Every structure is written in structure tokens, then in C-alpha cells.
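Here are my notes on the model below. Please read them with the coordinates open.

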Amino acid sequence: MTTPRSVALERLVYTLAAPVLAVAPNVTPDSPVNTVVQLAGAAGIGGWILAVKNEETGVGRKILRWSPLVFAAAVDVAAKYTPGWGPWWLDGFLAAGWAAAGYLVLPFSRHARRRHRPALAAPVPRPRPARAGQQSLARSHDGADPLTRQARMLWERAGMPARTHIVQATRHPATRHDLTILLRAMEIGRPITGLSEASVAAAFGVHEGDVAFADVAIQPGRQGGPGWMEASITPDASQRRRKAPTDQERWTDRVGGPKGGAPGSELVHTTREDERRVTFYRARMADSTNTPRIDLAKVCRALGLPEDDSCVFVLIDGTEFLISAFDTPPLSAIFPATRELLTPDAKGMYVCGFTITGQPVKTMVFQHDKNAPAHGLILGVSRSGKTQFFAINMAAQSLAGQVVWLSTVRKDEKTTVLGRYIDRQGSNALWMARSLRAAKALCEIRADMPWPHDGQPHDYKPGDPRCPYRQLNVYADEFMTAAQDGDFGEFIQTDGEDLTVTGLKYGIGFNPAGQSPFAHNGFSTEMKNNLRQNSRPVIFNMGSPGATRKAAEGSMENAYDVPTIPARYSRQEGSAIERAMRGEADPENGVSTGGVAVIVLDDGRAVLMRSLYADFDTDLSGLFPGDVNRLTDYEISELEKRGLWFDWNEPVRPGEFWPELDEDGAGDGDGRSRRRGDGTGGKGSAKSGTRQVGPQVTSPRQALEAIKKLTGGPAPSRPAAPAPGDTGNDPQARENRDSVAPDLLLMAAELVISSQFASQSMLQRKLRVGFALAGALLDELEARGLVGPADGSVAWSVLVPTGAADDVLRELRADLEPALRG
């Protein structure tokens, strides 16, 4: 009998390992070989323990299999701790005896146990069931129909896959080769395991994809459970499905699959409306606990639709969603604004636009459920349709009898036209700051304003005829730019934030507009929360789908899927590859989608709409009421008493925003506080310095070198650079600069560098100093190279980066140390 290869290899291992066991402990006692042998022996002892604890048969065989490892470790330990090679070369004899025992017993080789020799301590083999029983189980249904008998014959020829038996085979109606087989396990009580589509397909000679499994439910009169299974074999249906699938089949195979555009979904129905030239695909998630995840581009490719974001849209509602495929862009239609659409109803709602399906979209001029005015948040880049929405919103508010103020940073034609139909309108940062300050004062005035029916003040109630004042709506276009103005930005941001809170009680709505709803652009978290809770934010095109989606999510409390605003109304004509091969020019970009916006409804759902169109080239009087709504005489007189009602285009009045001059006369020669700019908020103001500043500091080393270069002596003794028109001989100006305290200068430097923002109004507020002293602090910081020169109303540029703050402040503190000690 031929010796199996595994037996020969095991014998070779024993022969080669025996000398190692004898030599290694005597030559190198600390060798890793000894450690490995002893660890193997420990593993063998563990195997012994597990074999003894196991209640199954064959314990002796398992102990014998682990014995060579244990005995090898014993030989290694004995050779290590006997002197030399041991008495009468005991180490060699022990190693040779270990090899001989393993050579004869060979417990590790399965070939040695089962074929080369009988295994030691092997259990008595159990009697195998007779083959006659298996044959009787396979043919237990003697009354089977011919189809079932043919299926059983093919199944037995395939070797009874997964030890299963065909109970019954049923042909599908109107097909020749499609059938369903009912399987059960051959052993009663055993579940069906290991059965695959490939094994069933091989038995019947079909493609693997034509086989589908289904569990068998337990029903009255029929068994079921894990020991039963149904297999559907459908080659005819699969061939038809591949050639001419139904809508349901196409959706299941291409859209609802794991790699489809809407995985886990199922089609409910498809509807075609020829009048509107649109096809609707209504679908839902098969598992109601899942949220739809839709890749619209994949869905379009699967359904054969054009990948055009101006014609294909998706609407999600819980676990259901609707895909609308239009033949032509539905949002390209123009919906003219009319007085009927803009007239608010009893709940303050009016139509501001229409969805892709022609549904009217409404927004509010006041909050009926909260008995409060409505705020507004309008976002969008230039030429996106913001001013158009201003017009229809202001017209609706005016038709509701409300007062409207509009302020912008720059003057333009459309806002000037709107100024003819509203109470007040202005176009610079100073005007915006004054309007917000007057609106805040109106909150105090209205809080004490008696109502005629009982002579007591009350909170504002929309639509109450007893209310003695009208709702006021303050618009602040380009709010982001105005909030960053060097002179009035802090006033605008602070008063706007206060107005979003206090204005709700006293009938004042705040409507900022800009290109971003985030804190670093003027919108604090508190302001944004108040705006989105008390308005329906409207987001126009932000320049890219990603920017639009980010802006929409920033204005939503619960970010649902935000629809995409198409960039252009253009259908792709032909293949771009074919045009490139022919050398043809690409088609034109199409028409801009100005006026298309995303409006966030009260439930947090974002809806795509086309806003109403107001034609500024014609007369807007058809949209606005005949008379302009104004404040009451009482409110105007109270504002005049506070010095807040005048022509807001005038230059800044002394003491209007900053404290008036003290008796020492700190300021310039014309009696006004010394400040940057001329109060108009524009960039054409006179500059406040003529010195040239070096390149911006970009590293700590450059910052230290700049300070060392500019600080030749103690800081208090170094005069600041002269202002425009100042020759340096003005005693008052020198007194302002020399009066700067060193500790105050340190605080100003730390504040400017940490905030990366420098303006007189900011230092005045944060440090609680006079306006003239704040200017002197900035002059000193400019002289030391920490800030650049001012440019009109634009804030000073900070030349020290945040990363160099520690080094710069440490050097400045060391420079001012003598003055601080004095």
C-alpha cells in the first residue's frame, strides 16, 4: 500500500525536529526555539483539558493527537535543566525516543488515522441508514402528476441538491417552461441550508438569474417553516422581461435595486397628462421605516428620461415620492402678478408663485396662528429675482394696509421705483442703520401707546380694527454687506437682531436679504432662528446647486431634501461626443432661470416655485394701493422727540451714534467727533492716512521683525502718524495720541487680532471708551504695523494673522513694560 504524502511529511518533521530538541537547550538555552517549543507544549496541555471536558466521543483520540506537542516540551525542559548532555547522553536518547514514538503513532495525520492504519480510541461507527429508505423518501408521492415526476427525475440526476426533495411542481399559466417547485428537507426536522440559485439552475438547465427563492409560510393543512422552500424557475418570463418589461418590472430592476437611483423603492403607478405634457412616477419605499434616497440622474438614465434638471423634478413626502418628467421646462412660464393674487386673505396669506405642477404657493404678511407680524428671509445672488420678490411682497403688505421701509447698500433703478409706492427708501449703510434704530424706538413707543377702546396699551394683534397703529415691515437688502460696514456694521447687526425678537410684540417685521444666512456674514444664530420660525424663507439661485442647497439648509430647522434650482432652461441637443467628432459647436446656454426659488414652508418642507413677475418697465400702480401707508402722527412726533425722524440721507449728526465730545474738546476742528469717512457709508470718502504700509504679515517671524523695526523707543513716547490735513503740530491731536494708556493699547491689540476686525465703533463698544480715544488707539496700532490705514467707511485691515497673535502680543507687552511699570 502506498504511503500517503501527509504521512511521509509528518515523519520527516519528526526526524528533523528530534536533533533540534536535543541540541537547542544545550547550545543556546535562551534561544527563541526553546520558547516556541514550550508554548507549543502549553497549547497541547490546553488541548488535553478541552478534550477531557468535551462530552462527545473520541476523547482518547484527541488526547493522543495533542501528546507530541506536550512530550516535545517535556524533552526540551529536561535537556535544558540537565547538566551538559545528561548522564549517558540522556538528552539525545529522549529526543530519539520522541521521534520514534511520533514516527510510529503519527496522531496528527488524518490519512494515518483513517487509511494507513485504524485510529486509536476511535468510536464505534454508527450504522448508516439503508439506501432503500432514501429511495422510498424520494418517491414517497406515488400519485404525482407527470410534471412533478419529470422535475424529480432532473432533481435526482443532479444529486438531490442540499439534500432536498421535490414535493410538487406547478407550471405557470400561459408559459411553456416556467414552473414553481416546492422543496422540503429529506430528513424530518432539518432546515434547508446550502441551497443556491446556481444549484437549482444547473439541475434544470436555465440561467442563474431565472431562479428565485421564497419562504413557505405555515398554513392550515400544510407544513412550512425552515424545512420547506419554494423555488420559482422562470426562463420564459425573464426573457420577456429583458425584451419588453412593464413599468413595474423596469422600476424594480433598474431603479429600486441596490444599485439603482432609488434603492428599496417600488413603483405605485405611472400617470400621463397630455394637457400639461407631463408624466408622473409615484413610488414609495418597500420598507416604511426607510427614508427615500434618490439619485435623480440615475433614475433618469434607468427610465430613459432626459437628464435635464429644468424638466425632471422630484417631490418627497415621507416614505413616498413623486418624479415629474415634463416635455418642456415648466418653470419657464411667466406668471404675471395681479392685485387679485396679491391681496391677502383673512389669515394674511397671498399667492407669491406657482410650483412645477401649477399649484399656487402662498406666503404670509402676518402670522394668523401666532397673532404676530411675519418676518422674512430672502437669499439670492444678483439678478436672481430678489427685487422682483420684493415688489410683490411689498405690494401684498401695502394692500393689507401695512407700512414698508426699504434700505439697500447701493442705489439701483428698481429699488428707486419701489420707493414711489412705499413710505421710505434709502440706499446706503447709514440710512439702513437709522431705519433700524427708528424701528427699535417704535417698539418702545408702541409699548406705551394706548388703544382707543380702553385707553391701555396692548400687544399687536393682526387684523384687529382697534389697533391704533399699522404693521411696519423693514427691508434690509444686501444685509450681509451692510453688517460688515466699517462704521455702522455693528449697529446694523445688533439692531437687526434685536428687531427680530422685540418686533413681534409691536407689529414690526424684519425682512433682511443677502447671499448667505450664516453667522460670519451678519446672521447670528439667534437672528436666524427667529427669522426661520416666523417666516417662510425664500432662496433664489445662489450660483451653483451646492451653494443653493447649503443656503436652504441653513435657513431650515429640519433639512429635508432640497430641490435643485436649474441653472438654465436648455435641453441637451444630440450627443456631445458626436458633436465633438463632427467638430460642431455646442448649443447656446439657454435662458436664465431668474425668478425660480425654493420656499421653505411651515412644516420644514422645501418647495420649488416660480415667483410672480412684476414688470418694472411698466407702471406698478396696478399692484399697489392708491395711497401710500404711513406711520401715525403720534408715532412720528415721538420719533422726532427722540431725534430719529428726519432726512436719513443727511451726514452723521454729532452724538448720533457715538458719544458727544467732552469739555476737553477731543476731536477735530469742525466740532464733530473725529471718525473715519463722511457718514455716507460709501467708499468714496476721504482716506484717513497717507503713509504707506509694508506687505501684510503672514508669519510670526515677519510680525516680530515688523514690530522691532517700528518700535524704536517706548510706545507712549512715539507719536502716531498724522491724519489727512494734520501737519503733526495740532496740540489736541498730539494729546489724544499721547494719552493712550499702555494697558488699553494692549487690550485693543488683543481684541483686534483675535477678531480680525478693526473699527472705531467696535473698540468704543468693547472697551467702553470715547470715540476719539478709539481712533487714537487705532492710530497707534497702525503706527506699530498691526493694522493698515482706513479707507473711508471700510474697516481697518488687520495685518497680523491669528496664528501670530501670541508672539506679537508678547513682543508688544515687552515693549510697553517700562510704561506699564510707571
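1. In what order do the four strands of the open sheet run, and is their pairing parallel or antiparallel? The order is 1-2-4-3, with antiparallel pairing. Two strands pair if DSSP finds at least two bridges between them. Strands are DSSP runs of E with at least two residues, helices are runs of H or I with at least four, and both are numbered from the N terminus.

2. Basis of the note. This is a predicted model: local features need pLDDT of at least 70, side-chain atom pairs count only at pLDDT 80 or more, and totals for chains, interfaces and linings use all residues. Residues are numbered from 1 along each chain as its sequence is written, and side-chain values use heavy atoms, with hydrogens and water left out.

3. Strand 1 (164-171) and strand 3 (211-215) are the edge strands, each pairing on one side only. From one strand to the next, the twist averages 25°.

4. Inside the sheet. Strand 2 (residues 179-185) and strand 4 (residues 228-233) run antiparallel and are joined by six bridges. Arginine 184 has tryptophan 228 in strand 4 as its bridge partner.

5. Helix on the sheet. Helix 8 (residues 197-204) lies across strand 1, strand 2, strand 3 and strand 4. Helix 8 runs at about 120° to strand 3. Contact means heavy atoms within 4.5 Å. Axes are lines fitted to C-alpha atoms, for helices over the stretch in contact, and angles run from 0 to 180 degrees between N-to-C directions.

6. Aromatic pairs. The count comes to 15. Rings of Phe, Tyr and Trp (its six-membered ring) pair if their centres lie within 6.5 Å; planes under 30 degrees apart are stacked, over 60 edge-to-face, the rest tilted. Phenylalanine 335 and phenylalanine 354 form a tilted pair, 4.7 Å centre to centre with 35° between the planes. Phenylalanine 335 lies in the loop between strand 8 (320-326) and helix 12 (339-342) and phenylalanine 354 in strand 9 (residues 349-355), so the pair ties together parts 19 residues apart in sequence.

7. Tryptophans. Trp405, Trp431, Trp645 and Trp648 form one aromatic cluster. The charged end of arginine 424 sits over the ring of tryptophan 648, 3.9 Å from its centre. Lysine 461 has its charged end over the ring of tryptophan 451, 5.7 Å from the centre. The rule: NZ of Lys or CZ of Arg within 6 Å of the ring centre and within 35 degrees of the ring normal.
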